[in-house]
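Please read the points alongside the model shown here.

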Amino acid sequence: MAKIFTIANRKGGAGKTTVATNLTVALSQKGSTLLVDTDDQLSAFNWNEYRQDKLASLAILNNLSDTIQPHFDEYEFILIDMAGRDSELLREALLISDVLIVPTQPSILDLEILPYVADKVATAQEINPDLKSYVVINRASSNYRNVEAIEAKKYIDGYPIFKLLDTVIHDRKVFRDAMLDGK
């Protein structure tokens, strides 16, 4: 039975696809992995098409549960890259996932989405009590004088439904370039 990771945030530009694609590559080195793109922009799916060493991937724009259920026993890991909006697909993903990872930029405009996401997680946990939810600070400034990530950590601590990951991912142009190269 696959371990299912959903990478989601209601806000666009949080770095969901970058986190999903990098996590897919890392997990593919540990076992069979399927990347599922549920965003109609198909950024994760297209990223895989740019790769020389293609990974298993699907684009699913409706009926998520029914479409990936046949793959549960075929893969060790399934990663679902969600669109940056609320959707029926997001709610389906939360019901079948083991892990939710919410990338967020450390700005207040991005962090203010967390109460909404926390509510969706709490609702999903009524049906899927094993769902674990994490937040990762993404696209943080690399300027050591910028304290935005420190302030963001304090804000996130106010939502005990989320475990804050220790890793802070800093904004780097190389991440954007790597996407175009399928890396």
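**Notes on the predicted model**

1. Of the 183 residues in the protein, 45% are buried, where buried means under 20% relative accessible area with a 1.4 Å probe, protein chains only. This is a predicted model, in which local features need pLDDT of at least 70, side-chain atom pairs count only at pLDDT 80 or more, and totals for chains, interfaces and linings use all residues. Residues are numbered from 1 along each chain as its sequence is written, and side-chain values use heavy atoms, with hydrogens and water left out.

2. The protein contains 8 helices and 7 strands; these are DSSP runs numbered from the N terminus (helices H or I, at least four residues; strands E, at least two). Its radius of gyration is 16 Å, close to the 16 Å from the globule rule for 183 residues, so the protein is as compact as a globular protein of that length. The radius is taken over C-alpha atoms, and the rule is 2.2 Å times the number of residues to the power 0.38. Along the principal axes, the C-alpha atoms fill a box of roughly 45 × 40 × 30 Å.

3. Contact means heavy atoms within 4.5 Å. Among contacts between residues at least 6 apart in sequence, 76% join residues at least 24 apart.

4. The largest nonpolar core has 35 residues, and Val36, Leu64, Ile68, Ile78, Ile80, Leu100 and Phe162 are those with the most contacts inside it. Such a core is a set of buried Ala, Val, Leu, Ile, Met, Phe, Trp, Tyr and Cys residues joined through side-chain atoms within 4.5 Å. Elements giving two or more residues to this core include strand S2 (33-37), helix H3 (64-68) and strand S4 (77-81). Helix H6 gives the most, with 5 residues.

5. Leaving aside neighbours within four places in sequence, Ile68 is in contact with Val36, Ile60, Ile78, Ile80 and Ile96. A second, separate core of 14 residues includes Phe5, Leu35, Ala44 and Phe77.

6. Strands S5 and S6 run parallel and are joined by 6 bridges; pairing requires at least two bridges found by DSSP. Val99 stands opposite Lys132 in S6.

7. Strand S6 (residues 132-140) also pairs in the parallel sense with strand S7 (residues 163-170), over 4 bridges. The chain crosses from S6 through helix H7 (residues 148-156) to S7 in a right-handed β-α-β crossover, that is, clockwise from the first strand over the helix to the second with the strands pointing away from the viewer. In S7, Val168 is the bridge partner of Ile137, and His170 is that of Ala140.

Notes
Buried means under 20% relative accessible area, exposed over 50%, partly exposed in between (1.4 Å probe, protein chains only).
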